[in-house]
Each structure stands twice: as structure tokens, then as C-alpha cells.
Amino acid sequence: VQLQASGGGLVQPGGSLRLSCVASGNFFSINYMGWYRQAPGQQRELVALISNTGSTNYRNSVKDRFTISRDNAKSTVYLQMNSLKPEDTAVYSCNALIKGTNYWGQGTLVTVSS
């Protein structure tokens, strides 16, 4: 499986962005897909996760602001980010878990600044 992330950019505080991650290969073999982020000088952290049955999980700091979803027909997972804050600034990467093996896409930079 190869993953291609896109959708990052510069946005003002309070703004919105939608990240996309397109998976090549057998999308239905993916058990979980997730979005992670890494801010400068910090460790990578899980932002949101979605299972192949559609169940979701979020880190507390993004609950009620971010929404992860998947479109099986397009083999794509999205991260809708609303009410963005400067502390959301990071490189966001998508991840797929297949039978215990992690696959990573390249990151996309999200900068929240006025």
C-alpha cells in the first residue's frame, strides 16, 4: 500500500483545512487508517484514527474540531480540521495499519498563523 497525503497549507486561527490521503493497493485490506502530526522539536502524536468498520478515535485536544472519515470508493481518508489553533501547526502524515504492519505516507505541512 502506498499513501499520498495532500491538503496542507497556511491558514489563520479559526480557519479550516481538509487533508486527504489516497491509498493505492487493496484499500479494504487496511485495518485502520490514521492521521499523525509532528510539530518542530516534538514527538509524533496520533491525531485521529478510523477503522475499516468506520469507528473513530481522536486525541482530546482535537475532539469536536476535527473529523476523520473515509470514502471506500475513492480509497481515501480525510481529516476535516475546523477551528484551527496555532498549536495545531505541524507536519501531518497519514498511516495505514495492515495485519500489524504500518505504512506511512509523506507529510503535509499545516501552519496556523495570523
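1. Leu97 has Asn102 as its bridge partner in strand 10. Strand 10 covers residues 101-104 and pairs with strand 9 in the antiparallel sense over four bridges; two strands count as paired if DSSP finds at least two bridges between them. Strands are DSSP runs (E, at least two residues), numbered from the N terminus. Another of these bridges sets Asn95 against Trp104 in strand 10. The hairpin of strand 9 and strand 10 has two residues between the strands, and Lys99 takes a positive phi near 50 degrees there.

2. On the source: this is a predicted model, in which local features need pLDDT of at least 70 and side-chain atom pairs count only at pLDDT 80 or more, while totals for chains, interfaces and linings use all residues. Residues are numbered from 1 along each chain as its sequence is written, and side-chain values use heavy atoms, with hydrogens and water left out.

3. Strand 4 runs antiparallel to strand 9 and is joined to it by seven bridges, with Tyr32 opposite Leu97 in strand 9. Strand 11 also pairs with strand 9 in the antiparallel sense, over three bridges; Ala90 has Val110 of strand 11 as its bridge partner.

4. Seven of the nine residues of strand 9 are buried, so the strand is largely enclosed by the rest of the structure. Buried means under 20% relative accessible area, exposed over 50%, and partly exposed in between (1.4 Å probe, protein chains only).

5. The structure holds one disulfide, defined as a pair of cysteine sulfur atoms within 2.5 Å. Cys21 and Cys94 form it, with their sulfur atoms 2.1 Å apart. The link of Cys21 and Cys94 is right-handed, with 60 degrees about the S-S bond. Cys21 lies in strand 3 (residues 17-24) and Cys94 in strand 9 (residues 90-98), so the pair ties together parts that are 73 residues apart in sequence. Cys21 counts as buried at 0% relative accessibility, and Cys94 counts as buried at 1%.

6. The largest nonpolar core has 30 residues, of which Met33, Trp35, Leu79, Met81 and Tyr92 touch the most other members. Such a core is a set of buried Ala, Val, Leu, Ile, Met, Phe, Trp, Tyr and Cys residues joined through side-chain atoms within 4.5 Å. Strand 9 gives the largest share of this core, five residues.

7. Leaving aside neighbours within four places in sequence, Met81 is in contact with Gly15, Ser16, Leu17, Leu19, Arg65, Phe66, Tyr92 and Val110. Contact means heavy atoms within 4.5 Å.
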